[in-house]
Amino acid sequence: MHIVDGALSAPVLIGGAVLSAGGITLGLKRLTLETIPAAGILSAAFFVASLVHVPIGPSSVHLILNGLAGLVLGWAAFPALAVALLLQAVFFGFGGLTVLGVNTLDIALPAVLAGAIFRPLIARASGVTVMFWGGLGGAFAIAATTLCVALALGLSGDAFWPAAKLVFVAHIPIMMIEGVLSAAAIALIVQVRPDLFSTLRGEPA
Amino acid sequence: MIRNTVFTIFLALGCGLAAPALAHKVLASAYPSGTVIEGQIGFSNGDMAKDAKVEVQGPDGAPLGETVTDEQGSFTFTPSQPVAHVFKADLGAGHLAQFTLPAEDVAQVLALQGDPGAKPSAPPPGGVALTGGAMPSETPGPASGAMTLSRADELAIAKLVRDEIRPLTREIAAYKEHNGLQTILGGIGYIVGLFGIGFYVAARRRMGG
(Lines give C-alpha, C1' and ligand atoms only; values in the text may rest on other atoms or scores of the structure.)
Protein backbone atom coordinates (compact mmCIF):
# COMPACT_ATOMS: atom_id res chain seq x y z
CA MET A 1 0.00 0.00 0.00
CA HIS A 2 2.86 2.35 0.66
CA ILE A 3 4.24 3.65 -2.59
CA VAL A 4 8.04 3.69 -2.43
CA ASP A 5 10.51 6.41 -3.34
CA GLY A 6 11.14 6.67 -7.04
CA ALA A 7 7.87 5.16 -8.26
CA LEU A 8 6.15 8.47 -8.86
CA SER A 9 6.84 11.49 -11.01
CA ALA A 10 7.70 14.86 -9.48
CA PRO A 11 4.38 16.64 -10.24
CA VAL A 12 2.46 13.84 -8.52
CA LEU A 13 4.77 14.01 -5.50
CA ILE A 14 4.41 17.77 -5.20
CA GLY A 15 0.66 17.70 -5.76
CA GLY A 16 0.27 14.99 -3.13
CA ALA A 17 2.39 16.89 -0.63
CA VAL A 18 0.44 20.12 -1.12
CA LEU A 19 -2.96 18.44 -0.83
CA SER A 20 -1.82 16.48 2.24
CA ALA A 21 -0.56 19.66 3.89
CA GLY A 22 -3.99 21.16 3.31
CA GLY A 23 -5.69 18.10 4.77
CA ILE A 24 -3.39 18.10 7.80
CA THR A 25 -4.07 21.80 8.43
CA LEU A 26 -7.82 21.21 8.21
CA GLY A 27 -7.50 18.18 10.46
CA LEU A 28 -5.45 20.00 13.08
CA LYS A 29 -8.16 22.66 13.29
CA ARG A 30 -10.76 19.97 13.96
CA LEU A 31 -8.57 18.31 16.57
CA THR A 32 -10.14 19.28 19.87
CA LEU A 33 -9.07 18.44 23.38
CA GLU A 34 -11.63 15.61 23.35
CA THR A 35 -10.49 13.98 20.13
CA ILE A 36 -6.70 14.18 20.63
CA PRO A 37 -6.48 10.98 22.73
CA ALA A 38 -8.60 9.09 20.20
CA ALA A 39 -6.44 10.43 17.38
CA GLY A 40 -3.29 9.30 19.17
CA ILE A 41 -4.61 5.82 19.78
CA LEU A 42 -5.84 5.38 16.21
CA SER A 43 -2.51 6.71 14.98
CA ALA A 44 -0.71 4.08 17.06
CA ALA A 45 -3.12 1.38 15.87
CA PHE A 46 -2.47 2.34 12.26
CA PHE A 47 1.28 2.38 12.93
CA VAL A 48 1.37 -1.25 14.07
CA ALA A 49 -1.42 -2.51 11.81
CA SER A 50 0.89 -2.20 8.82
CA LEU A 51 3.04 -4.95 10.27
CA VAL A 52 0.25 -7.51 9.93
CA HIS A 53 0.78 -9.06 6.54
CA VAL A 54 -1.33 -11.17 4.27
CA PRO A 55 0.85 -12.70 1.54
CA ILE A 56 -0.74 -12.47 -1.89
CA GLY A 57 0.94 -13.35 -5.15
CA PRO A 58 4.32 -11.77 -5.65
CA SER A 59 3.55 -9.08 -3.12
CA SER A 60 1.96 -8.90 0.28
CA VAL A 61 -0.65 -6.60 1.68
CA HIS A 62 -1.14 -5.46 5.23
CA LEU A 63 -3.88 -4.12 7.44
CA ILE A 64 -4.43 -0.40 7.13
CA LEU A 65 -7.25 0.52 9.51
CA ASN A 66 -7.73 3.90 7.85
CA GLY A 67 -11.49 3.38 7.62
CA LEU A 68 -11.76 3.09 11.39
CA ALA A 69 -9.65 6.22 11.85
CA GLY A 70 -11.85 8.15 9.41
CA LEU A 71 -15.09 6.94 11.00
CA VAL A 72 -13.97 8.05 14.45
CA LEU A 73 -11.95 11.15 13.59
CA GLY A 74 -13.22 12.64 10.35
CA TRP A 75 -10.76 15.25 9.10
CA ALA A 76 -8.61 14.75 12.18
CA ALA A 77 -7.61 11.42 10.59
CA PHE A 78 -5.22 13.39 8.36
CA PRO A 79 -2.72 14.45 11.05
CA ALA A 80 -3.16 11.14 12.91
CA LEU A 81 -2.33 9.05 9.83
CA ALA A 82 0.39 11.43 8.63
CA VAL A 83 2.28 11.07 11.93
CA ALA A 84 2.05 7.27 11.78
CA LEU A 85 3.14 7.22 8.12
CA LEU A 86 6.13 9.43 8.91
CA LEU A 87 7.22 7.10 11.70
CA GLN A 88 6.71 4.04 9.50
CA ALA A 89 8.89 5.60 6.83
CA VAL A 90 11.63 6.43 9.33
CA PHE A 91 11.49 3.26 11.43
CA PHE A 92 10.50 0.55 9.00
CA GLY A 93 11.39 2.05 5.66
CA PHE A 94 7.77 1.70 4.46
CA GLY A 95 7.26 4.11 1.63
CA GLY A 96 9.72 6.95 1.92
CA LEU A 97 10.06 10.57 2.84
CA THR A 98 9.55 12.02 -0.63
CA VAL A 99 6.34 10.06 -1.16
CA LEU A 100 5.03 10.84 2.31
CA GLY A 101 2.61 13.44 0.95
CA VAL A 102 1.13 11.10 -1.65
CA ASN A 103 0.92 8.20 0.79
CA THR A 104 -0.80 10.41 3.36
CA LEU A 105 -3.29 11.56 0.76
CA ASP A 106 -3.88 8.02 -0.53
CA ILE A 107 -4.66 6.72 2.92
CA ALA A 108 -6.16 9.69 4.76
CA LEU A 109 -8.47 11.04 2.05
CA PRO A 110 -10.44 7.76 1.78
CA ALA A 111 -10.56 7.75 5.58
CA VAL A 112 -12.12 11.22 5.59
CA LEU A 113 -14.54 10.18 2.83
CA ALA A 114 -15.55 7.06 4.76
CA GLY A 115 -16.16 9.25 7.79
CA ALA A 116 -18.20 11.76 5.80
CA ILE A 117 -20.37 9.09 4.19
CA PHE A 118 -20.83 6.55 6.96
CA ARG A 119 -20.66 8.57 10.18
CA PRO A 120 -24.12 10.11 9.75
CA LEU A 121 -25.48 6.65 8.90
CA ILE A 122 -23.88 5.15 12.00
CA ALA A 123 -25.19 7.98 14.18
CA ARG A 124 -28.72 7.29 12.99
CA ALA A 125 -28.55 3.50 13.04
CA SER A 126 -28.88 1.11 15.94
CA GLY A 127 -28.06 -2.48 16.75
CA VAL A 128 -26.85 -4.62 13.87
CA THR A 129 -27.16 -1.77 11.38
CA VAL A 130 -24.35 0.04 13.22
CA MET A 131 -22.07 -2.90 12.60
CA PHE A 132 -23.17 -3.05 8.98
CA TRP A 133 -22.36 0.59 8.27
CA GLY A 134 -19.15 0.43 10.30
CA GLY A 135 -17.98 -2.62 8.36
CA LEU A 136 -18.96 -1.08 5.06
CA GLY A 137 -17.09 2.09 6.01
CA GLY A 138 -13.94 0.10 6.81
CA ALA A 139 -14.10 -1.81 3.54
CA PHE A 140 -14.94 1.32 1.56
CA ALA A 141 -11.85 3.14 2.83
CA ILE A 142 -9.58 0.32 1.63
CA ALA A 143 -11.27 0.17 -1.76
CA ALA A 144 -10.92 3.94 -2.18
CA THR A 145 -7.30 3.76 -1.06
CA THR A 146 -6.47 1.17 -3.72
CA LEU A 147 -8.02 3.45 -6.34
CA CYS A 148 -6.01 6.42 -5.04
CA VAL A 149 -2.79 4.39 -5.18
CA ALA A 150 -3.59 3.27 -8.71
CA LEU A 151 -4.39 6.85 -9.66
CA ALA A 152 -1.08 8.09 -8.24
CA LEU A 153 0.74 5.37 -10.20
CA GLY A 154 -1.38 6.09 -13.25
CA LEU A 155 -0.59 9.82 -13.17
CA SER A 156 3.09 8.91 -13.06
CA GLY A 157 2.96 6.95 -16.26
CA ASP A 158 1.83 3.44 -15.32
CA ALA A 159 -1.25 2.23 -17.13
CA PHE A 160 -4.12 3.04 -14.77
CA TRP A 161 -6.50 0.12 -15.20
CA PRO A 162 -4.06 -2.79 -14.88
CA ALA A 163 -2.50 -1.16 -11.83
CA ALA A 164 -5.89 -0.39 -10.32
CA LYS A 165 -7.12 -3.93 -10.92
CA LEU A 166 -3.97 -5.46 -9.45
CA VAL A 167 -4.01 -3.35 -6.29
CA PHE A 168 -7.76 -3.67 -5.86
CA VAL A 169 -7.86 -7.44 -6.26
CA ALA A 170 -4.89 -7.89 -3.93
CA HIS A 171 -6.70 -5.97 -1.24
CA ILE A 172 -10.03 -7.78 -1.36
CA PRO A 173 -9.08 -9.99 1.63
CA ILE A 174 -7.95 -6.89 3.52
CA MET A 175 -11.29 -5.23 2.78
CA MET A 176 -13.09 -8.18 4.30
CA ILE A 177 -10.82 -8.37 7.35
CA GLU A 178 -11.00 -4.64 7.96
CA GLY A 179 -14.74 -4.63 7.39
CA VAL A 180 -15.14 -7.13 10.21
CA LEU A 181 -12.63 -5.31 12.44
CA SER A 182 -14.24 -1.92 11.84
CA ALA A 183 -17.71 -3.34 12.42
CA ALA A 184 -16.65 -4.80 15.76
CA ALA A 185 -14.77 -1.68 16.82
CA ILE A 186 -17.56 0.69 15.83
CA ALA A 187 -20.18 -1.45 17.54
CA LEU A 188 -18.08 -1.41 20.70
CA ILE A 189 -17.51 2.34 20.55
CA VAL A 190 -21.20 3.03 19.98
CA GLN A 191 -21.98 0.85 22.97
CA VAL A 192 -19.47 2.29 25.43
CA ARG A 193 -19.36 5.86 24.11
CA PRO A 194 -22.43 6.64 22.02
CA ASP A 195 -21.73 10.37 22.37
CA LEU A 196 -18.66 10.02 20.13
CA PHE A 197 -21.00 9.70 17.16
CA SER A 198 -24.11 11.49 18.36
CA THR A 199 -22.41 14.68 19.54
CA LEU A 200 -20.52 14.99 16.31
CA ARG A 201 -23.58 14.35 14.21
CA GLY A 202 -24.12 17.94 13.15
CA GLU A 203 -20.51 18.54 12.26
CA PRO A 204 -19.58 17.97 8.64
CA ALA A 205 -16.91 15.32 8.86
CA MET B 1 -13.72 6.10 26.97
CA ILE B 2 -11.42 4.01 29.14
CA ARG B 3 -12.97 0.79 27.93
CA ASN B 4 -12.69 1.54 24.27
CA THR B 5 -9.21 2.93 24.84
CA VAL B 6 -8.16 -0.31 26.45
CA PHE B 7 -9.81 -2.25 23.65
CA THR B 8 -7.95 -0.29 20.99
CA ILE B 9 -4.64 -0.70 22.78
CA PHE B 10 -5.16 -4.44 22.98
CA LEU B 11 -6.15 -4.52 19.34
CA ALA B 12 -3.03 -2.57 18.44
CA LEU B 13 -0.73 -4.69 20.56
CA GLY B 14 -2.35 -7.88 19.32
CA CYS B 15 -1.73 -6.82 15.76
CA GLY B 16 1.81 -5.80 16.56
CA LEU B 17 2.78 -8.95 18.39
CA ALA B 18 1.17 -11.26 15.86
CA ALA B 19 3.79 -10.59 13.23
CA PRO B 20 6.33 -8.04 14.34
CA ALA B 21 9.09 -9.44 12.18
CA LEU B 22 7.37 -9.04 8.84
CA ALA B 23 8.16 -5.93 6.92
CA HIS B 24 7.16 -4.68 3.61
CA LYS B 25 10.18 -3.26 1.97
CA VAL B 26 11.60 -4.22 -1.36
CA LEU B 27 15.25 -5.17 -1.31
CA ALA B 28 17.40 -5.03 -4.38
CA SER B 29 21.11 -5.46 -4.88
CA ALA B 30 23.43 -5.99 -7.79
CA TYR B 31 27.15 -6.71 -7.86
CA PRO B 32 29.78 -7.63 -10.41
CA SER B 33 30.08 -11.39 -10.75
CA GLY B 34 32.85 -12.25 -13.16
CA THR B 35 31.80 -11.35 -16.66
CA VAL B 36 28.20 -10.60 -15.75
CA ILE B 37 26.32 -8.48 -13.27
CA GLU B 38 24.41 -10.51 -10.76
CA GLY B 39 21.61 -9.21 -8.61
CA GLN B 40 18.81 -10.16 -6.32
CA ILE B 41 15.36 -8.76 -5.74
CA GLY B 42 13.09 -9.70 -2.92
CA PHE B 43 10.95 -8.54 -0.07
CA SER B 44 12.37 -7.92 3.33
CA ASN B 45 10.27 -10.71 4.82
CA GLY B 46 12.44 -13.23 2.97
CA ASP B 47 10.20 -13.76 -0.04
CA MET B 48 12.12 -13.38 -3.26
CA ALA B 49 10.64 -11.80 -6.34
CA LYS B 50 10.14 -14.69 -8.76
CA ASP B 51 9.91 -14.22 -12.51
CA ALA B 52 10.01 -10.46 -12.19
CA LYS B 53 11.02 -8.42 -15.20
CA VAL B 54 14.07 -6.28 -14.52
CA GLU B 55 14.64 -3.26 -16.72
CA VAL B 56 18.17 -2.05 -17.10
CA GLN B 57 18.75 1.61 -17.83
CA GLY B 58 21.69 3.93 -18.18
CA PRO B 59 22.15 6.89 -15.85
CA ASP B 60 20.24 9.07 -18.32
CA GLY B 61 17.29 6.68 -18.40
CA ALA B 62 18.17 5.19 -21.77
CA PRO B 63 17.21 1.50 -21.87
CA LEU B 64 20.18 -0.89 -21.98
CA GLY B 65 18.19 -4.10 -21.95
CA GLU B 66 16.18 -6.27 -19.64
CA THR B 67 16.35 -9.56 -17.82
CA VAL B 68 14.11 -11.76 -15.68
CA THR B 69 14.60 -13.09 -12.16
CA ASP B 70 14.65 -16.82 -11.49
CA GLU B 71 13.01 -18.86 -8.72
CA GLN B 72 15.38 -17.42 -6.10
CA GLY B 73 14.85 -13.84 -7.18
CA SER B 74 18.32 -13.70 -8.73
CA PHE B 75 19.10 -12.29 -12.12
CA THR B 76 22.15 -11.86 -14.27
CA PHE B 77 22.85 -9.23 -16.85
CA THR B 78 25.71 -8.96 -19.32
CA PRO B 79 26.68 -5.33 -19.66
CA SER B 80 28.01 -3.90 -22.90
CA GLN B 81 28.51 -0.24 -22.02
CA PRO B 82 30.82 1.19 -19.35
CA VAL B 83 28.20 3.40 -17.72
CA ALA B 84 26.34 3.19 -14.43
CA HIS B 85 23.56 0.63 -14.66
CA VAL B 86 20.21 1.27 -13.03
CA PHE B 87 18.23 -1.90 -12.36
CA LYS B 88 14.50 -1.42 -11.96
CA ALA B 89 11.84 -3.97 -11.26
CA ASP B 90 8.18 -3.08 -10.88
CA LEU B 91 6.70 -5.62 -8.51
CA GLY B 92 3.27 -4.09 -8.74
CA ALA B 93 1.20 -2.10 -6.28
CA GLY B 94 3.81 0.60 -6.01
CA HIS B 95 6.57 -1.81 -5.05
CA LEU B 96 9.45 -0.61 -7.11
CA ALA B 97 12.84 -2.18 -6.67
CA GLN B 98 15.70 -0.03 -7.83
CA PHE B 99 19.42 -0.39 -7.58
CA THR B 100 22.27 1.45 -9.26
CA LEU B 101 25.57 -0.20 -9.99
CA PRO B 102 28.31 2.43 -10.34
CA ALA B 103 30.22 2.80 -13.60
CA GLU B 104 33.48 1.57 -12.00
CA ASP B 105 31.93 -1.78 -11.14
CA VAL B 106 30.52 -2.11 -14.65
CA ALA B 107 33.95 -1.28 -16.07
CA GLN B 108 35.42 -4.05 -13.95
CA VAL B 109 32.95 -6.52 -15.47
CA LEU B 110 33.68 -5.27 -18.97
CA ALA B 111 37.42 -5.59 -18.36
CA LEU B 112 36.91 -9.25 -17.47
CA GLN B 113 34.84 -9.79 -20.59
CA GLY B 114 37.84 -8.76 -22.65
CA ASP B 115 40.01 -11.15 -20.66
CA PRO B 116 40.20 -14.50 -22.48
CA GLY B 117 40.85 -16.34 -19.22
CA ALA B 118 37.60 -15.09 -17.84
CA LYS B 119 35.24 -16.38 -20.50
CA PRO B 120 32.49 -18.40 -18.85
CA SER B 121 33.65 -21.53 -20.65
CA ALA B 122 37.25 -21.14 -19.51
CA PRO B 123 37.08 -22.17 -15.86
CA PRO B 124 36.65 -25.94 -15.62
CA PRO B 125 33.34 -27.08 -14.18
CA GLY B 126 35.06 -28.32 -11.06
CA GLY B 127 36.08 -24.78 -10.28
CA VAL B 128 39.44 -24.93 -8.49
CA ALA B 129 41.11 -27.57 -10.61
CA LEU B 130 44.57 -26.34 -11.47
CA THR B 131 44.84 -25.15 -14.99
CA GLY B 132 48.55 -24.49 -15.12
CA GLY B 133 50.04 -23.24 -18.33
CA ALA B 134 47.44 -24.76 -20.56
CA MET B 135 45.35 -21.64 -20.13
CA PRO B 136 45.98 -18.64 -22.36
CA SER B 137 46.44 -16.48 -19.32
CA GLU B 138 48.87 -13.84 -18.15
CA THR B 139 50.71 -16.39 -16.04
CA PRO B 140 54.12 -16.72 -17.65
CA GLY B 141 54.63 -20.41 -18.39
CA PRO B 142 53.44 -23.34 -16.29
CA ALA B 143 52.57 -22.80 -12.66
CA SER B 144 55.95 -22.40 -11.05
CA GLY B 145 54.83 -22.93 -7.48
CA ALA B 146 51.94 -23.69 -5.20
CA MET B 147 51.36 -19.99 -4.59
CA THR B 148 50.95 -19.06 -8.25
CA LEU B 149 47.41 -19.00 -9.44
CA SER B 150 46.30 -18.53 -12.97
CA ARG B 151 43.78 -15.87 -13.84
CA ALA B 152 41.14 -18.53 -14.37
CA ASP B 153 41.79 -19.97 -10.92
CA GLU B 154 41.40 -16.57 -9.34
CA LEU B 155 38.11 -16.12 -11.08
CA ALA B 156 36.96 -19.60 -10.14
CA ILE B 157 37.83 -18.94 -6.50
CA ALA B 158 36.12 -15.57 -6.62
CA LYS B 159 33.04 -17.30 -7.98
CA LEU B 160 33.11 -19.94 -5.24
CA VAL B 161 33.46 -17.31 -2.55
CA ARG B 162 30.55 -15.38 -4.01
CA ASP B 163 28.42 -18.51 -4.04
CA GLU B 164 29.35 -19.21 -0.43
CA ILE B 165 28.57 -15.76 0.90
CA ARG B 166 25.37 -15.30 -1.06
CA PRO B 167 23.15 -16.78 1.67
CA LEU B 168 24.94 -14.60 4.20
CA THR B 169 24.30 -11.39 2.29
CA ARG B 170 20.67 -12.41 2.04
CA GLU B 171 20.51 -13.06 5.77
CA ILE B 172 22.14 -9.75 6.58
CA ALA B 173 19.75 -7.89 4.30
CA ALA B 174 16.79 -9.60 5.98
CA TYR B 175 18.23 -8.93 9.42
CA LYS B 176 18.68 -5.23 8.67
CA GLU B 177 14.99 -5.04 7.88
CA HIS B 178 13.97 -6.91 10.97
CA ASN B 179 11.58 -4.81 13.01
CA GLY B 180 12.23 -5.64 16.61
CA LEU B 181 9.70 -5.10 19.32
CA GLN B 182 11.81 -2.17 20.51
CA THR B 183 11.35 -0.41 17.19
CA ILE B 184 7.60 -0.89 17.32
CA LEU B 185 7.30 0.21 20.94
CA GLY B 186 9.60 3.14 20.18
CA GLY B 187 7.30 4.23 17.36
CA ILE B 188 4.25 3.97 19.60
CA GLY B 189 6.15 5.99 22.19
CA TYR B 190 6.78 8.74 19.66
CA ILE B 191 3.09 8.80 18.75
CA VAL B 192 2.03 9.01 22.39
CA GLY B 193 4.55 11.78 22.99
CA LEU B 194 3.51 13.77 19.92
CA PHE B 195 -0.16 13.59 20.76
CA GLY B 196 0.72 14.42 24.36
CA ILE B 197 2.33 17.62 23.14
CA GLY B 198 -0.74 18.30 21.00
CA PHE B 199 -2.91 17.74 24.04
CA TYR B 200 -0.76 20.14 26.05
CA VAL B 201 -0.98 22.83 23.38
CA ALA B 202 -4.74 22.39 23.03
CA ALA B 203 -5.18 22.53 26.79
CA ARG B 204 -3.05 25.68 27.09
CA ARG B 205 -5.09 27.31 24.37
CA ARG B 206 -8.33 26.43 26.09
CA MET B 207 -7.04 27.75 29.44
CA GLY B 208 -5.89 30.94 27.79
CA GLY B 209 -9.14 31.42 25.91
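Analyst: A crossing of two helices is left-handed if the near helix is turned anticlockwise from the far one by less than a right angle, and right-handed if clockwise. The structure here is a predicted model, in which local features need pLDDT of at least 70 and side-chain atom pairs count only at pLDDT 80 or more, while totals for chains, interfaces and linings use all residues. Residues are numbered from 1 along each chain as its sequence is written, and chains are lettered from A and ligands numbered from 1 in the order in which they are written.

User: How many helices and strands are there in chain A, and how many has chain B?

Analyst: Helices (H or I, at least four residues) and strands (E, at least two) are DSSP runs, numbered from the N terminus. Chain A has nine helices and two strands, and along its sequence they follow the pattern α-α-β-β-α-α-α-α-α-α-α. Chain B has four helices and seven strands, which run α-β-β-β-β-β-β-β-α-α-α from the N terminus on.

User: What share of the residues counts as buried in chain A, and what share in chain B?

Analyst: A residue is buried if 20 or more other C-beta atoms, placed from the backbone, lie within 10 Å of its own, exposed if 12 or fewer, and partly exposed in between. In chain A, 61% of the 205 residues count as buried, while in chain B buried residues make up 30% of 209.
A second reading uses contacts (C-beta atoms, placed from the backbone, within 7 Å). Of the contacts with a separation of 6 or more, residues 24 or more positions apart account for 78% in chain A and for 50% in chain B.

User: How do the axes of helices α2 and α4 of chain A pack?

Analyst: Two packed helices are described by the angle between their axes and the distance between the axes. The axes are lines fitted to C-alpha atoms, for helices over the stretch in contact, and angles run from 0 to 180 degrees between N-to-C directions. In chain A, α2 (residues 36–49) and α4 (residues 77–91) pack at about 35 degrees with their axes 8 Å apart, and the crossing of α2(A) and α4(A) is right-handed.
On the α2(A) side the meeting residues include Leu42(A) and Phe46(A), and on the α4(A) side they include Ala80(A), Leu81(A) and Leu87(A). The residues of this contact divide into ten nonpolar, two polar and no charged, where Ala, Val, Leu, Ile, Met, Phe, Trp, Tyr, Cys and Pro count as nonpolar, Asp, Glu, Lys and Arg as charged, and the others, Gly among them, as polar.

User: Which residues touch the most other members of the largest nonpolar core?

Analyst: A nonpolar core is a set of buried Ala, Val, Leu, Ile, Met, Phe, Trp, Tyr and Cys residues joined through C-beta atoms within 7 Å. The largest one has 88 residues, and those touching the most other members are Leu42(A), Ala69(A), Ala77(A), Ala80(A), Leu81(A) and Ala108(A). Its largest share, 13 residues, comes from helix α6 (residues 128–155) of chain A. Apart from this core lies another, of 16 residues, among them Ile41(B), Phe77(B), Ala97(B) and Val106(B).
Leaving aside residues up to four places away in sequence, Ala69(A) touches Leu42(A), Phe46(A), Ala77(A), Ala80(A), Leu81(A) and Ala111(A).

User: Why is helix α3 of chain A largely enclosed by the rest of the structure?

Analyst: Eight of the eight residues of α3(A) (residues 66–73) are buried, so this helix is largely enclosed; Ala69(A) is one of them. Leu65(A) counts as buried because it has 32 C-beta neighbours inside 10 Å. Gly74(A), which follows α3(A), also has a positive phi, near 65 degrees.

User: Where is Val56(B) found, and which residues does Val56(B) touch?

Analyst: Val56(B) is found in strand β3 (residues 53–57) of chain B, and it counts as buried because it has 20 C-beta neighbours inside 10 Å. Beyond residues up to four places away in sequence, Val56(B) touches several others, including Leu64(B), Phe77(B) and Phe87(B). Val56(B) and Phe87(B) are 31 residues apart in sequence, yet their C-alpha atoms are 4.7 Å apart in space.

User: Which residues of chain B does UniProt list as "transmembrane region"?

Analyst: UniProt positions are given in the numbering used here, feature names are shortened, and annotations may be inferred rather than shown by experiment. The unreviewed entry lists residues 184–203 of chain B; in the model this span is 100% helix and 0% strand, with its end C-alpha atoms 28 Å apart. For chain A, the spans that UniProt (unreviewed entry) gives this name include residues 94–118 and 130–154. Residues 94–118 of chain A are 76% helix and 0% strand, with end C-alpha atoms 29 Å apart, whereas residues 130–154 of chain A are 100% helix and 0% strand, with end C-alpha atoms 36 Å apart.

Note on methods: Contact = placed C-beta atoms within 7 Å.
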